[in-house]
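Q: I would like to learn how to read some features of a protein model. Please take them in turn, with the general idea before the case.

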Amino acid sequence: MATIQFLGAAETVTGSKYLLDVGGTRALIDCGLFQGLKHLRLRNWDPLPIAPSSIHWVLLTHAHIDHTGYLPRLVRDGFRGPVYSTSATADLLKIMLPDSGKLQEEDAEYANRKGFSKHKPALPLYTEQDANSALKQVRGFKYGDDVQLNKFISARFISAGHILGSSFVEVTVSERQSAPIRILFSGDIGRYNEPILNDPSSVDEADYLLVESTYGNRVHDHTDPKVRLAEIVNSTAERGGKIIIPAFAVGRTQLLVYYLRELEDEGRIPVLPVVVDSPMAAEATRLYARHHEDHDFDVERIEKLNRNPLATRNFSLVQGRAGSRALNEQKGPMVIISASGMATGGRVLHHLAHWLPDPASTVIFVGYQAEGTRGRRLQNGEKEIKIHGEMVPVNAHVESLGSLSAHADSEELLRWLAGFKRPPKNTFIVHGEPDSANALRQKIVEKFGWNATIPVYQQNVTLE
Ligand SMILES: [Zn+2]
């Protein structure tokens, strides 16, 4: 008998973790960190309902921390099995997990310095060293490889077009007495017709489907994102302000640089200094050259043109903290792209603290801003925001470019679902706040007449 327990990303967008139990053999699909609202973040500290040592495998859909950032803790708490992902995801984890460990250590150190934690001393959820030991268990596969977990369970990674290395995870359970069951975990689903990344692959069938619903109730602005980006860059440059773009180091950062470069080449924006202030983004960009399987731009052709599509004309990457701080002193308009994408931590906080009070400057959000994050508060128009314990007045312009999102919107989700040739026995709507999940559920029921349910945190369902 097989069951799935929803240990995260149920009625919320973070903490993705689904426990598949087949007669006592256990696979955890995704191993994400909860982020955003405090009651969610506190779940990172709750023990899992089962011992990590009783899990046999972890399978990862993609490298984003809300899908992988709990892995070092799982290993520290006793998980000893292999972790399977695509090879690009495995490469990305080498930079992302240690960075996440470092952030956890910095957070704990900060809490101790300010004395605001009730734990004395406050401890990190895991350390950089924990992250490095977890990496030893990670193994990368090609898309489409048949990954045999044991005699009865196999898995396959299918390209999802969301970030480099992103995949749907298809698990097939063939138990002796019963017909095989195929379960598809969508992870995060990408966009159609976007430069750089391939479109999400179409999938024919699954007995059970877990589908993300981040934008289940919204349609992105489908006008060319370059038009609005050019307007914002031009008006901010005229005011002499800074353009601060909080962005995930992997994916959006590269896409933004690609669009800025095109706008420069087309003479639609002035050539401004563009700074990517994130050591991780620099390494991630190098990985694009290594993993051709994931993107559809012709690297060789572009190399012959002597033009790097992932750099602008006046482009720099900042590595050290000193270089990051020095940006505050620079005069004149400039574009600063820095993580984290939801302004929950990382170097972008220093830039926001410095430039949010400046009415000439603009902050552009390009990704989903989860409830409870600084990003969501700024999008909601809050006039003051707390950064590093201090209230910072918000005088800068705040813009959101939904058209640059890495997530399919509701129409794109339905387009992807329409590829199924037969209805799944059940479709579980995950990875969405309640309004989005509900909206997608309704659309699936109306359009396809499928069974669709929205699981709650820790719910257990039996697959037959
Ligand atoms: Zn993602």
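Q: By class, which residues does the lining of the largest cavity have?

A: The model is predicted: local features need pLDDT of at least 70, side-chain atom pairs count only at pLDDT 80 or more, and totals for chains, interfaces and linings use all residues. Residues are numbered from 1 along each chain as its sequence is written, and side-chain values use heavy atoms, with hydrogens and water left out. Now the classes: Ala, Val, Leu, Ile, Met, Phe, Trp, Tyr, Cys and Pro count as nonpolar, Asp, Glu, Lys and Arg as charged, and the others, Gly among them, as polar. The lining of the largest cavity has seven nonpolar, ten polar and three charged residues.

Q: What is a cavity, and how many does the structure hold?

A: Rolling a probe the size of a water molecule over the atoms shows where empty space is left. On a 1 Å grid over the protein atoms alone, a cavity is a set of points where a 1.4 Å probe fits but cannot get out, while a pocket is an open set with protein on both sides within 12 Å along at least five of seven lines; lining residues have an atom within 4 Å of a point. Grid points are joined across faces, edges and corners, and a volume is the space filled by probe spheres set on the points. The structure holds six cavities of 30 Å³ or more. The largest cavity has a volume of about 190 Å³. Its lining counts 20 residues, of which His-64, Asp-66, Phe-248, Tyr-368 and His-407 lie nearest its centre.

Q: What volume does the second largest cavity have, and which residues line it?

A: The volume of the second largest cavity is about 90 Å³. Among the residues that line it are Leu-7, Lys-17, Phe-34, Arg-43, Tyr-70 and Tyr-457. This lining divides into seven nonpolar, two polar and three charged residues.

Q: Which atoms coordinate the zinc ion?

A: Donors are N, O and S atoms within 2.8 Å of the metal (3.2 Å for Na, K and Ca); water is not among the atoms, so sites may look incomplete. Here the zinc ion is coordinated by NE2 of His-62, ND1 of His-64, NE2 of His-162 and OD of Asp-188, at 2.2 to 2.3 Å. Along the chain these donors follow the spacing H-x1-H-x97-H-x25-D.

Q: Why is the arrangement of the four donor atoms around the zinc ion irregular?

A: Four donors count as tetrahedral if all angles lie between 85 and 135 degrees; four count as square planar and six as octahedral if opposite donors are over 155 degrees apart and all others between 65 and 115; anything else is irregular. The four donor atoms around the zinc ion subtend angles of 92 to 167°, which makes the arrangement irregular.

Q: Is His-62 buried or exposed?

A: Buried means under 20% relative accessible area, exposed over 50%, and partly exposed in between (1.4 Å probe, protein chains only). His-62 is buried, with a relative accessible area of 0%. Asp-188 counts as buried too, at 2% relative accessibility.

Q: Where is Ser-403, and which residues does it touch?

A: Helices (H or I, at least four residues) and strands (E, at least two) are DSSP runs, numbered from the N terminus. Ser-403 is in the loop between strand 19 (397–400) and helix 13 (410–417). Contact means heavy atoms within 4.5 Å. Not counting residues up to four places away in sequence, Ser-403 touches Arg-191, His-220, Asp-221, Thr-223 and Pro-225. At 10% relative accessibility, Ser-403 counts as buried.

Q: How much space lies in the second largest pocket, and which residues are closest to its centre?

A: The second largest pocket holds about 260 Å³ of space. It is lined by 17 residues, and the closest to its centre are Arg-191, Tyr-192, Asn-193, His-222 and Ser-403. Helix 13 gives the most to this lining, with three residues.

Q: Why is helix 13 largely enclosed by the rest of the structure?

A: Six of the eight residues of helix 13 are buried, so this helix is largely enclosed. What covers its buried residues includes strand 9 (167–173), strand 10, strand 11 and helix 14 (434–448).

Q: Which residues does a cis peptide bond join?

A: A cis peptide bond joins Ala-339 and Ser-340, with omega about 5°. Ser-340 is in the loop between strand 15 (334–338) and helix 11 (348–355).
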